[in-house]
Amino acid sequence: MKPLFIRNIHERVSSSSSSSAIHLKHSLAVIDPPSIFFDEEPELAAATVDPILALFNDYAKSGQCTAPNTKVLHAHLLKRHLLQSQVGISDSLMDCYRKCDATGYALKLFDTGPERSVVSWNVLISGCNNEFLFLESWKQFCRMHKSGFEADEITYGSVISACTRMQAPLNGMQVYSLALRKGFRANSYVRAGMIDLLAKNYKFDDALRVFHDVLCENVVCWNAIIAGAVRNGENRIALDLFRQLCRHGTFLPNSFTFPCVLTACAMLGDLETGKVIQGWIIKCGSYDVYVSTSLSDLYAKCGDMEGAMKIFTRMRFRNVVSWTAMISGFVQLDDSISAVQLFKEMRRLGEEINTFTITSLLSACGRPGSTKSAAQFHALIIKCGFDLDPAVGASLINTYSKVGAVDSSELISGEMERGRNPHSHAVVISLHAQANDAERAVELFVRMLQEGLRPDKYCTSSLLSVVNTLSLGRQVHSHVIKSGLVFDVSVASSLFTMYSKCHSLGESYEIFGQICEKDNVSWTSMIAGFANNNHPDEAVRLFRNMLLEGSSPDQSTFVAILTAICSLNSVREGKEIHAKVIRLGFGEEITVGGALVMMYSKCGYLKLARRLLDLLPLWDDVACSSMISGYAQNGYIEEALLMFHKMLKANFAIDSFSISSVVQAVTLTNRSDIGTQLQSYTMKVGLDSNVAVGSSLVAMYSKFGGINDCVKAFDQIESPDLIGWTTMIMSYARHGIGEEALRLFELMKRKKMRPDPVTFVGVLSACSHSGLVEEGHFYFDSMVKDYGIEPNYRHYACMVDLLGRSGRLKEAERFISNMPVEPNALVWETLLAACKVHGDIELGKLAAKQITKCRPSDAGAYISLSNIYADMGQWEEVMNIRSSMKGAKAKKEPGWSVV
């Protein structure tokens with residue numbers, strides 16, 4: 001017996017073929033829209049009532065629309081010679097093939113069918129999209145265009161959607177330009193597809209221009225632009241667009257709108273606005289699983305788990321996203337017990353789990369003493385088949401590391417390294433990069449290449465983040481060019497950031513200039529590169545270029561440019577940046593606020609800095625530390641200590657920057673007792689080994705006269721940097737222990753640490769204070785020949801002091817005469833001081849005369865020369881000098897005493 005379906009087809013087709021005439025229009029009832037934002041279709045011409053049309057409609061709605069059954073239908077139509085009679089029959093059959101994911105058969109039918117229509121092309125292009133054959137969709141559109149067919153809104157929308165999925169914005173722009181020329185400017189479906197394409201390719205400003213180009217007549221374009229704003233991190237703009245939509249009044253937001261704006265609220269932590277949106281949801285009756293999940297996620301991310309659970313328990317249907325959002329909320333509040341209990345309930349009800357559920361739970365287990373729970377979840381991961389997922393593997397490694405199970409962590413890491421999966425390798429390389437383990441990251445990267453695996457952009461970017469030598473960086477750069485990854489904006493950004501870290505700004509800026517489509521990360525990284533390498537002027541110039549090219553700065557950009565402004569010490573430009581911050585709505589962002597406080601503090605505008613600090617919704621350690629540093633640098637020691645005390649009372653996380661700022665403030669006082677307390681505190685919180693804190697402690701004890709304490713503080717530093725080494729050398733020099741200073745300098749060189757001009761000031765001072773004349777000449781020559789450092793006035797003054805202290809005044813005079821630059825007052829003052837010690841009146845008179853030429857109103861030179869004459873008993877000359885002081889209007893500062 002023939003199946004009922006085949007008998008039904010035979011009867012319906014037979015009755016249709018016996019009709020006197022078969023006339024039908026296209027039976028396509030639904031064509032997939034080009035964007036997820038479409039909740040309704042454009043109206044097509046109503047189909048003429050026809051038996052075959054009714055057959056196709058009934059068949060499409062039935063559960064029997066499969067590839068085999070469609071082939072049976074196809075055979076019957078061929079047998080009755082109906083397929084060639086009307087284009088509409090062929091189009092309807094193609095649509096059936098499309099709906100049962102048999103695009104290959106649809107293509108064959110299309111190529112062998114009767115005269116084609118625009119509907120035929122739409123069915124074909126839509127079918128390619130359904131089976132993710134986006135490149136084929138593009139090719140068919142090009143073929144259609146060359147054949148002379150006029151595309152309609154469905155065609156343009158589908159092709160733009162394909163370009164979006166291919167990440168081919170240029171192709172999409174070409175299609176949109178064609179659509180505009182054909183009169184589809186005001187068509188919502190075409191515009192929404194273009195907005196979606198631009199937003200997903202991080203061209204949000206262009207998407208906004210398309211949105212505002214024509215007045216929106218339905219909610220589709222609003223959904224597209226709001227979703228695009230959220231995708232690009234423009235959450236405040238998304239909420240502003242939602243408010244405009246609500247004020248529009250013509251149409252209401254729908255179930256596509258609400259999840260987007262609720263996500264924006266969650267990202268901003270704005271629960272109050274979220275509650276207003278919840279009122280709109282109730283008004284519009286748009287509760288479904290997606291809206292409810294987004295709403296509960298908002299409450300969870302804002303820390304209101306009671307409100308989140310109320311919404312969650314009232315949901316009629318829940319999916320894995322709903323459950324995972326609640327579990328993540330409990331984990332965020334550090335309530336691992338509730339998170340695990342909810343997961344057990346989820347498993348009891350037979351709900352499916354995904355990788356996000358697993359990684360959230362692993363975060364809950366990442367605490368000391370949770371080894372057993374971590375092992376249980378590990379077993380579940382293996383049982384459910386998630387053990388091969390790179391993200392899960394990375395979470396497992398982190399969890400085992402946090403609970404102290406280092407062996408298990410290394411075992412999983414080894415398994416991921418041995419796997420021939422590029423994604424697994426990318427995760428492990430990223431983990432090594434986060435741990436700053438460059439050697440292991442490079443080793444794994446090389447192994448990937450040896451095994452024939454092609455590192456992707458994530459692998460390469462992670463590796464570049466830990467490369468700190470130019471030779472290795474250039475090798476990776478060569479591989480990037482060879483593999484073609486140089487055209488990827490994230491890899492290119494990592495490349496020029498690497499060169500910036502290696503102080504090769506020329507190569508860094510060259511790569512930056514080669515990026516065609518610069519994103520915010522690119523601009524910010526290059527600005528930060530200039531700022532961190534003492535080129536603040538270039539950083540400011542680049543920031544202005546960024547604005548001119550239409551890019552909108554984000555929080556990271558403002559932090560980078562404000563760092564550059566600090567180096568420039570230009571409050572005028574700082575205020576310009578501040579105004580831009582306010583205009584773009586970042587005024588209350590804590591990170592940007594902290595950077596503004598730092599900028600005003602460094603520029604000496606302490607009242608304005610403190611006002612900004614008080615206006616921040618929350619204080620953070622960066623802003624407070626910047627305020628402390630500003631107070632200390634400007635001599636407000638008591639205020640600096642009070643601010644530090646407030647930080648301690650508020651239980652702020654005290655970092656190395658805060659401690660070193662306070663230590664520097666204490667150094668300006670004579671309160672060694674406070675300094676000792678601070679060192680005790682640093683030992684208590686484990687910051688005594690930090691290089692910044694250790695260097696500050698060395699400088700403090702050096703001023704207070706405790707060289708032994710200096711040595712102890714220096715020995716506590718885990719890895720001294722150049723500042724640490726230089727500070728200790730300076731301390732030895734100040735205390736007249738020149739031999740130890742030179743020994744430490746040689747040790748520093750053996751550690752491959754390259755000295756800078758300040759280091760040589762310390763070395764030459766050490767030679768001067770210890771009478772090491774020959775050594776001083778050696779290091780002065782070495783500075784120029786071995787390190788290419790041009791001497792400055794401080795170096796010349798050190799050499800004059802070295803010769804003067806040893807009584808070689810004539811040699812010191814010759815040294816000054818042979819200087820390649822004009823001696824300044826500091827050099828002559830150093831010689832004058834030596835003349836006073838050794839009683840050389842004639843040379844002292846020469847030095848004093850030169851000082852008065854440089855600084856006519858400086859009383860110091862007159863007084864020093866007067867003291868020399870007084871020591872020699874030449875009181876008449878003393879009176880003459882006093883008269884000369886009056887004539888030059890030089891005043892001696894009155895002395896004072898605290899006694």
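User: What does pLDDT say about the chain?

Analyst: pLDDT is the predictor's confidence in each residue, from 0 to 100. Where it is low, the predicted coordinates should not be read in detail. The chain averages 79, and 79% of the residues score at least 70. Helix 31 (residues 536–548) has the highest mean, 92, and helix 1 (residues 4–17) the lowest, 50. Residues 895–899 stay under 50 and have zero contacts beyond four places in sequence; contact means heavy atoms within 4.5 Å.

Residues are numbered from 1 along each chain as its sequence is written. Local features need pLDDT of at least 70, side-chain atom pairs count only at 80 or more, totals for chains, interfaces and linings use all residues, and side-chain values use heavy atoms, with hydrogens and water left out.

User: Which residues touch the most other members of the largest nonpolar core?

Analyst: Nonpolar side chains tend to be buried together in soluble globular proteins. A nonpolar core is a set of buried (under 20% relative accessible area, 1.4 Å probe, protein chains only) Ala, Val, Leu, Ile, Met, Phe, Trp, Tyr and Cys residues joined through side-chain atoms within 4.5 Å. Here the largest has 137 residues, and Ile 561 and Leu 831 touch the most other members. Leaving aside neighbours within four places in sequence, Ile 561 contacts Ile 527, Ala 539, Val 540, Phe 543 and Ile 577. Another core, of 97 residues, lies apart from it and includes Tyr 189 and Phe 211.

Definitions and conventions. Buried < 20%, exposed > 50% of the residue type's maximum accessible area, 1.4 Å probe, protein only. Helix = DSSP H or I, 4+ residues; strand = E, 2+ residues; numbered from the N terminus.
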